[in-house]
There are 10 protein chains.
Amino acid sequence: MLFHVEMEVRLPHDMPAEKADALKKTERERAHELQASGAWRHLWRVAGRYANVSVFDVSGAEELHQILSTLPLFPFMAISVTPLCRHPSSIREDDR
Amino acid sequence: MLFHVEMEVRLPHDMPAEKADALKKTERERAHELQASGAWRHLWRVAGRYANVSVFDVSGAEELHQILSTLPLFPFMAISVTPLCRHPSSIREDDR
Amino acid sequence: MLFHVEMEVRLPHDMPAEKADALKKTERERAHELQASGAWRHLWRVAGRYANVSVFDVSGAEELHQILSTLPLFPFMAISVTPLCRHPSSIREDDR
Amino acid sequence: MLFHVEMEVRLPHDMPAEKADALKKTERERAHELQASGAWRHLWRVAGRYANVSVFDVSGAEELHQILSTLPLFPFMAISVTPLCRHPSSIREDDR
Amino acid sequence: MLFHVEMEVRLPHDMPAEKADALKKTERERAHELQASGAWRHLWRVAGRYANVSVFDVSGAEELHQILSTLPLFPFMAISVTPLCRHPSSIREDDR
Amino acid sequence: MLFHVEMEVRLPHDMPAEKADALKKTERERAHELQASGAWRHLWRVAGRYANVSVFDVSGAEELHQILSTLPLFPFMAISVTPLCRHPSSIREDDR
Amino acid sequence: MLFHVEMEVRLPHDMPAEKADALKKTERERAHELQASGAWRHLWRVAGRYANVSVFDVSGAEELHQILSTLPLFPFMAISVTPLCRHPSSIREDDR
Amino acid sequence: MLFHVEMEVRLPHDMPAEKADALKKTERERAHELQASGAWRHLWRVAGRYANVSVFDVSGAEELHQILSTLPLFPFMAISVTPLCRHPSSIREDDR
Amino acid sequence: MLFHVEMEVRLPHDMPAEKADALKKTERERAHELQASGAWRHLWRVAGRYANVSVFDVSGAEELHQILSTLPLFPFMAISVTPLCRHPSSIREDDR
Amino acid sequence: MLFHVEMEVRLPHDMPAEKADALKKTERERAHELQASGAWRHLWRVAGRYANVSVFDVSGAEELHQILSTLPLFPFMAISVTPLCRHPSSIREDDR
């Protein structure tokens, strides 16, 4: 099942640079894993903002929440979730 | 270049059913063509709403506007456009 | 899978009373069927507004959209959908 | 009487982990008690956010406020309350 | 139980004057009855707008909805409802 | 003259408990005085939020501002003011 | 007493030109009278919009509403009212 | 003096095509004149919407309003105006 | 040229009282000077809020920005600017 | 390709003056370079706010993001990006 997810990151200005760097590094590693597994199907940067637009392919809301809520940057992100379904005009096999 | 586009359709309640059906039919045909050509890269239905989330892969804003503004349903849609770029954590070759 | 759905009905003021009554009657019948089948798990009226708060228990976004988009009042409703999941503090067996 | 309540938790980033853990633990215990007593009738997690959607079954606004305002996380939550009533199309006996 | 209710009236511009006058007349009569019975406890005009701020004293959300949804102007009003309770600093006996 | 006033209190999370308690105590005493004098005509708690809905009966905007801006919690409140006038359908003598 | 008032005019597109002209003419005459009497103290056009910013000097909300609600364009205006009072840093005698 | 202006066009769906075409034609001619005279300094299409972003170079708000309010499409546009001034970091001579 | 300006002051809660007092004192002196010079034409307090509504009479956006951005409280204010022009129905000579 | 960009700067009130000055200085130098190279095509100050309206002329969203995300003030700015294209009524050769 597909979910459209927007994430905007807001790091506190007084977070030490090392802590921010460590968070971003583990976030990146986790993103790699989740893309490799197929759960994080698309990941794009929003031009000009510390934000992304993503599409997740998961078994349901439970798995989605488990993934999002354990991202290292989760406490610093504003997240909005929109459930998607196949569009009747779509011609792509896997845009389910 | 990738653009994230959200379209919400609002047909006037007094539009005759035949006109609405004709519009939707030509819209669908146009969507098929644009997906086949690669310009309309992703097309998903937003669950519970007469709306879609799309990703377009075009040469720039000029081509995007040419496409969107000539869609049969364009006069009846609220459209928002967000330019995307490659995310540094993306591992997909073509999520450029 | 559970979805939280808010629906607000906005009938055009110039809709003939018979048409409105017929729509509401078939909407009610459909709501009865969907509740009986278990898909429309909860249905509450929002006090003071022609609106409801509902919880749907469906296989996924596809089934949810199929249900919502075929409701007789769908063309006259503003709908917002929020995917739910089990709360770690819930003690009810079936609030999955 | 039923109330629809949405709660979003915003813990300050500089709250010590032990204090946050203690707050969450007492919050969970209180949620268990209130569900057991029947006052906190439904409790769902909103997918992707540190937030919940709940339905309370209480004697009135007074009891609702007494409950919400004494939750351990109350000072850190944005709360919105919507009074519900029985929907004329509901077929569930106890969705009063 | 007390509810704070804001109502904003939006009559269609093409409603015949006689129909508007008849609606307003029956609305006024209904408002008189409900004030006399004690259910419509306060009724104020918002300066400069075709809107009112009201406080209702009813048995619960069910009675409130029954009252509001049968007002003659209900189909033409945007209504927002806020449940109230006694303020700990109130000194008025009946501001329950 | 009547003013509808909504106040939402937002105390900084790092305010020492004694300071918060002292502020609330003087706020309560001031509220008692202003209710006794007739200036603070109604005071209700908004269910589920650290907020109130009030009606003030004062000589004008000058007196209203003098009262509100000297409340002990004023620096910590978001306040919105709406001027009221007698509703043509009101039957209460003193809902001027 | 001073009130800050913003008015935005929205004439229906299908209003006959003669009716619109007649409304605007009587609106202008009424504006002249109210400025001459001192009640409509300031009247400015908002650049680029069919809207104005005004300051009224009236005895209270009652008189303000009586004036605004009888303006010929009242049914076609979105109006917002803000009560003003003397600013402690003002040096103008009559900016009361 | 420079003003940043955003215009969004909303033609009524029932406007006859000839009337719409005539309006657009005279709008285009007027836009040409105003660009030639230097008053309409920049004019861009917003990608995906029937809207533009413009910069006007006029003697002041009076001239700006005179220009905007006499555009043929003015009754069908939502317009927002932002006054600009020279940016201290600008290196362009004429971005005054 | 006239500009309508709204300013809302938000002092950080942890600003030392002496610093706040000093800022307010120099702000008041600057306001006196600017009113005396004619640039700050009107200055009103918004009832119930630490905010003002003002009208400035300046040579253009450049002078307006120079004035506003050098106010002592500028870093602590949310400011919105609206350009005004003479209203065709105005009868005051100097409401230019 | 042209992008319309609005940037609003929000420096933390407790940032040391030297750090703020250093950031602004390098920001200014970077702005000079980018204007000189042609990428930052227009740069205007929004009157009364610590904000700018800009137009960038870049190869695409990738270059735009590379530029914006490396501005010294990027962590302290709220940025919104709108893709532009040539307006059919434009007569300027280079407003592409």
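1. Strands are DSSP runs of E with at least two residues, and helices are runs of H or I with at least four residues, both numbered from the N terminus; two strands pair if DSSP finds at least two bridges between them. On that basis, strand β2 (residues 40–46) of chain E and strand β3 (residues 51–57) of chain E run antiparallel and are joined by five bridges. Within this pair, E:L43 has E:S54 of β3(E) as its bridge partner.

2. The model is predicted, with local features needing pLDDT of at least 70 and side-chain atom pairs counting only at pLDDT 80 or more, whereas totals for chains, interfaces and linings use all residues. Residues are numbered from 1 along each chain as its sequence is written, chains are lettered from A in the order in which they are written, and side-chain values use heavy atoms, with hydrogens and water left out.

3. Chains E and F together form a barrel of eight strands, closing in the order β1(E)-β3(E)-β2(E)-β4(F)-β1(F)-β3(F)-β2(F)-β4(E) with antiparallel pairing. From one strand to the next, the twist averages 35°, where axes are lines fitted to C-alpha atoms (for helices over the stretch in contact) and angles run from 0 to 180 degrees between N-to-C directions. Helix α2 (residues 61–69) of chain G packs on the sheet, touching both β2 of chain E and β4 (77–86) of chain F, contact meaning heavy atoms within 4.5 Å; the helix direction makes about 70° with that of β4(F).

4. Chain F and chain H share no contact, their closest C-alpha atoms lying 25 Å apart.
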